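Biologist: I have a new structure to look at, and I would like to learn how to read it. Could you take me through it one feature at a time?

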Amino acid sequence: MSVKAANADEQLVLDFFEVLSSGDLEKLRGFYHDQSVWEPKVKGIAGAGRHVGMDIIDKFLAPVRGMFHPGDPKVHVHAMFSRDGWVCVESNSTGTTMDGKVYDNDYCWVFEISNGKIDAMREYMDSHYTAKLFGMD
């Protein structure tokens, strides 16, 4: 299934996932402003909590992406819909961890977008799978 954007907000989200999947963390800065929030809706695993502004890149994404081979994991968007600045995405992410384990997890994302930037995003995933894979359980 090839997902196409129906509007500018959806295109922003598709572009975001393309850059995220590339591993180019510096280029990701352009999607955020100082008050942007990324909140993985998990407890007790790496990356849990609320990440704000450029700490999203520096204190959250850099360490989490460092658990994977360079350029992994890749996000594969399966479905997307939007309304009034809100975009919801169903996806899965695949990749290889630094110790050679295969990663394949399902996700749902809820984005709040305004003025061409991500104001907030909530990330839902199978946290039990992630905890087991990385020995955090």
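This is a predicted model: local features need pLDDT of at least 70, side-chain atom pairs count only at pLDDT 80 or more; totals for chains, interfaces and linings use all residues.

Biologist: How do β4 and β5 pair, and over how many bridges?

Modeller: Strands are DSSP runs of E with at least two residues, helices are runs of H or I with at least four, and both are numbered from the N terminus. Two strands pair if DSSP finds at least two bridges between them. Here β4 and β5 are antiparallel, with eleven bridges. They make a hairpin with five residues between them, and G100 in that turn has a positive phi of about 90°.

Biologist: Which strand lies antiparallel to β4 across nine bridges?

Modeller: That is β3. Along this pair, F81 faces C88 in β4, and R83 stands opposite W86 in β4. The β3–β4 hairpin has two residues between its strands.

Biologist: What is the strand order in the whole sheet?

Modeller: The sheet is open and has six strands, in the order β2-β1-β6-β5-β4-β3, with mixed pairing. Its edges are β2 (51–52) and β3 (74–83), each of which pairs on one side only. Strand β1 (residues 37–40) is antiparallel to β2 and joined to it by two bridges, with W38 opposite H51.

Biologist: Which strands does helix α1 touch?

Modeller: Contact means heavy atoms within 4.5 Å. Helix α1 (residues 8–22) packs on the sheet and touches β1, β3, β4 (86–96), β5 (102–114) and β6 (117–125). For angles, lines are fitted to C-alpha atoms, for helices over the stretch in contact, and the N-to-C directions are compared from 0 to 180 degrees. The direction of α1 makes about 165° with that of β3. Helix α3 (residues 55–65) lies across β1, β2 and β6, at about 20° to β1.

**The inside**

Biologist: Which residues touch the most other members of the largest nonpolar core?

Modeller: Such a core is a set of buried Ala, Val, Leu, Ile, Met, Phe, Trp, Tyr and Cys residues joined through side-chain atoms within 4.5 Å. The largest one has 34 residues, and F16, F17, W38 and F111 touch the most other members. Helix α1 gives the largest share, seven residues. Leaving out residues up to four places away in sequence, F111 touches partners including V13, F16, F17, W86 and M121.

Biologist: Is T97 buried or exposed?

Modeller: Buried means under 20% relative accessible area, exposed over 50%, and partly exposed in between, using a 1.4 Å probe and protein chains only. T97 sits in the loop between β4 and β5, and it counts as buried because its relative accessible area is 1%. Beyond its neighbours within four places in sequence, T97 contacts M67, F68, H69, L133 and F134.

Biologist: What is the volume of the largest cavity?

Modeller: On a 1 Å grid over the protein atoms alone, a cavity is a set of points where a 1.4 Å probe fits but cannot get out, and lining residues have an atom within 4 Å of a point. Points are joined across faces, edges and corners, and the volume is the space filled by probe spheres set on them. The structure has one cavity of 30 Å³ or more, and the volume of the largest is about 290 Å³. It is lined by 21 residues, of which V64, F68, P73, Y107 and E123 lie nearest its centre. Helix α3 supplies the largest share of that lining, four residues.

**Backbone details**

Biologist: Which peptide bond is cis, with omega near -5°?

Modeller: Most peptide bonds are trans, and most residues other than glycine have a negative phi. The bond from D72 to P73 is the cis one, and P73 is in the loop between α3 and β3.

Biologist: Where is D84 found?

Modeller: D84 is in the loop between β3 and β4. Its phi is positive, about 50°, although it is not a glycine, and D84 is exposed at 68% relative accessible area. N115, in the loop between β5 and β6, also has a positive phi of about 50° without being a glycine. N115 counts as exposed because its relative accessibility is 79%.

Notes
Residues are numbered from 1 along each chain as its sequence is written. Side-chain values use heavy atoms; hydrogens and water are left out. On a 1 Å grid over the protein atoms alone, a cavity is a set of points where a 1.4 Å probe fits but cannot get out, and a pocket is an open set with protein on both sides within 12 Å along at least five of seven lines; lining residues have an atom within 4 Å of a point.
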